[in-house]
Amino acid sequence: MNSFIELEAIRKVFHEGEHNEFTALRDVSLSFSRGSLTVLSGPSGSGKTSLLTVLGCLSRPTEGRVKVEGELVSNLPEPLLAVVRRRTFGFVFQQFQLIPGLSALTNVVLPAYPTGKPHRVIVDRGLALLSHLSLGRLAHERVERLSGGEQQRVAIARALINDPPVILADEPTANLDSALSSAFLQTARELRDEGRTVILSSHDPRICDAPEIDRRIRLLDGRITP
Amino acid sequence: MHAWINRQSLLVDYTLSALARHAGRNLAILAVYSCLVFVLASTMLFSDALRRESRALLSHSPDVLIQKLSAGRHAFLTAADVERIGPLRGVSRIEGRRWGYFYDPAVRANYTLMAVASDPPARGSIRVGEGVARLSGLAKGNALALRSPEGPLHVFTIEGVFREESSLVSTDLVLMHPEDWIEFFQVASDLCTDAAVTVVNPAEVRNVARKVAERLPGSRVVLKEEILRTYDSLFDWREGLLLALASLLAASFAVLAWNKASGLAADERREIGILKAIGWDTRDVLTMKLWEGALVSGCAFGTGLLAAWIHVFHFRAPLVAPVLAGWSVLYPRFDLTPSLDPWMLLTLSFLTIFPYTLATLVPAWKAAITDPDAVMRGSE
Amino acid sequence: MILDKSVLALLLASGAGAAGTLAAAPHALAVLRRWDLSSGSASQLRLERMSTLVSTGMALLLLVQAPALLLFVAAADGMASHFVGAMCAIGSLKVNPFGFPALITQIAAFFGTLIWLVLNAVDGGCRDYPLTRAKHGVLVALIPLMAASFGLEIAYFSGLDASVITSCCGSLFSSDSSKVANDLASLPVRMAIPIYFVVLATAAAVAAVTAWRGRGGIWLGLAGVVAFPVGLAGIVSFLSLYVYEDPLHHCPFCFLKPEYGYRGYAFYGILFVATAAAVSAAALGLLSPRENASRDLQERVPRATRTLGLVALAGYLSTVAVSGWQVLASGLKLLGDA
């Protein structure tokens, strides 16, 4: 079996035991193989983002198990989980979540800081990634001065700085026009072709129905629907 | 090890940029922090300097001082008294000294008039302390007229003014020829104010003092080490009192620091959320926050200490001197010898950096345990 | 009561230490009872997060104990001028009965906190927190020690009365006193010197073996426990004589003074650091789990033991070197002429 990430019977409850208890995921079991491009679709509140956070080890499932490369990670202590997260996943968030006031380059290299690699090495890789995404000349520009599409490419470069095998993107095209959306899809396909596992969450038909997508998973009320 | 150093240097790098980006907010706390260090450091530097000054002065004073008492009041020693002490084992010299206080109504200050036995000023001439010269507005070569308690006016030529280094105690001193002194105060020539005893072996000082007290029952015997002790206690006490008050300041500062660190601004909170989401772990964020504290502390400590140094050694501590130094009508104007005691630095950091770091620790930790999925949940 | 700046600083440091360990007690007990890294439950997650805070806070509180010990001795030495009869720290410490107990608990707290800091460093270096339980156990043990240290300091400083006529080192080590100190002082130099150097050299050898093998911290600890009192006794019985160049002056405090170039701080510094490294190595050996040790722990413990062994080795070697030099270079000759 070639599955890189496995989810087994995942349940995710927010505010457990409180009056506003909310079950975001119910009995979700999935597995993802290397070199695939998957899209999670479904209406707002269907649990796409929750599934991404559990998948990407940003949060622990309330019940169920998450395995990365066969290793059980869902009950790892936080620092270990952070290491797994850093090595395995690159995130592209919906509003890009770049830190204003910092240059594009600094934003890109931030995830590599805790790895303890030499500054030079990190910066060289950051510059290489930025120029690969045709942002080389904007590397030292402050991120808030960049356009939406440029900001997203900075976010993609940041997701790639630690060379993770999995890229997770939450509603990547929500703030982009259709030209930029297809550019993003192009990039996602390239990443997949490099052998990475790319998982997007989206309810944008331009993405969900794109021919590049290998696999479509539909969520409704926290469950996978066929 | 290399990885550790790399990681720390990168975290410091990030911290610096974060501090710079939130400069306005950080400057306020930095200013208060520096002020606190400044007050504490000024107090310590100044009292340390005073202590050193008085020690330096007393190093020239006699080991044992004998005063005669009559009806519990200070009286003159006679030559016979000095003879009665006679030759004592361990004593290298006994010398009767003549000095007295004089109130000068013209400047409304007390002078100490002292006769010098060896190398005295010429008859009719005096050497004066810096304070005397300053108050009377006179300099070397001028004449100082003093109306003796007995009536007649005496005019002395100022032969010299003392160096300022020794002015803390000698500032009000007027040195004159013994004959002039006798004439001025109209005191019999076989009387002296007190007697100074020089002892060969410092360990024997107490024995000598005891023997003197036995031979001259009506006398008071003062030891140099006791004066030193009194000075030390006095300076320590004043410094301690001021520091205790300042510690209240430090405590309220710690509360302020706590408050400021707890009220993390929304953009800072968001930044930490992002860092957590992109792979920083609680300890990375905590370390970054501790670096932030260390940098702020270092900056405030350096600034406050430097300002205190300039305040004390350049401007003679105008803000703390009235509390710490004043003991006479003549405020001594003295140059303090600059020096920095490592123990003082250690104490100062205990009283400032330590409470600040403790106060900011819990807020820093609270920021560091931000859930890594907070960023995504916010957008859901 | 003496209102001195270092007194304020010391009370702050030890008060914060006592309050901090006490405040961490509920968490430490919870860790001892419930710590289960494999659980991943919400309560375990809370324990882990709390652990980060407690570890960082404790590291901070305990890191200041070493400079606090230095400051305590320096303060006692500096205050000697306030008391009739006191020439050095001994006089100030003897002003009331709490002085020496306060010093001794401070020393104990110093070693205890260093053990904790070493465990914490190794624990923090491993991703599976293998020493968390042990470290919190040591923390619980530190609570009474820190509290005692704080209490004794308050008792000592508040009981300082400048009118007390105290005695100085001369009387503590004079021949008519019947104290342990005096027995040490009257130990024949001819006997004390060989014992001292043999014991310290042996400790250095054990440290070298430990550093080389990265194991056997317990033996190093034992050597340290023996070498420490021998080192102190050596200072009282003969090193002091060579330092002061006076065949009767046995004081272990006077040479902390600037007149002797603060030599005492160097002497005590290397001995204390070596001892702390030795006992920490022992604690590490005793407290790290032998079975099911994670890969991190298997890698970290020998590395830490090796480092501690090297530190102890350097400490003991320099103790031997410095005291040997002191004996040879001193103007005083006690051996050789008979």
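Chain C has twelve helices and zero strands, where helices (H or I, at least four residues) and strands (E, at least two) are DSSP runs numbered from the N terminus. This is a predicted model, in which local features need pLDDT of at least 70, side-chain atom pairs count only at pLDDT 80 or more, and totals for chains, interfaces and linings use all residues. Residues are numbered from 1 along each chain as its sequence is written, while chains are lettered from A and ligands numbered from 1 in the order in which they are written.

**Overall form**

- The C-alpha trace of chain C spans about 70 × 45 × 30 Å along its principal axes.

**Domains**

- Chain C is assigned domain 1 (1–167) and domain 2 (170–338), with bounds from an automatic or database domain assignment.
- The C-alpha centres of domain 1 and domain 2 of chain C lie 23 Å apart.

**Contact between the domains**

- Domain 1 of chain C brings 20 residues to the contact and domain 2 of chain C brings 23 residues; two residues are in contact if their C-beta atoms, placed from the backbone, lie within 7 Å.
- On the side of domain 1 of chain C that touches domain 2, helix 3 (65–79), helix 4 (89–93) and helix 5 (99–125) of chain C each give two or more residues.
- Helix 5 of chain C gives the most to that side, with seven residues.
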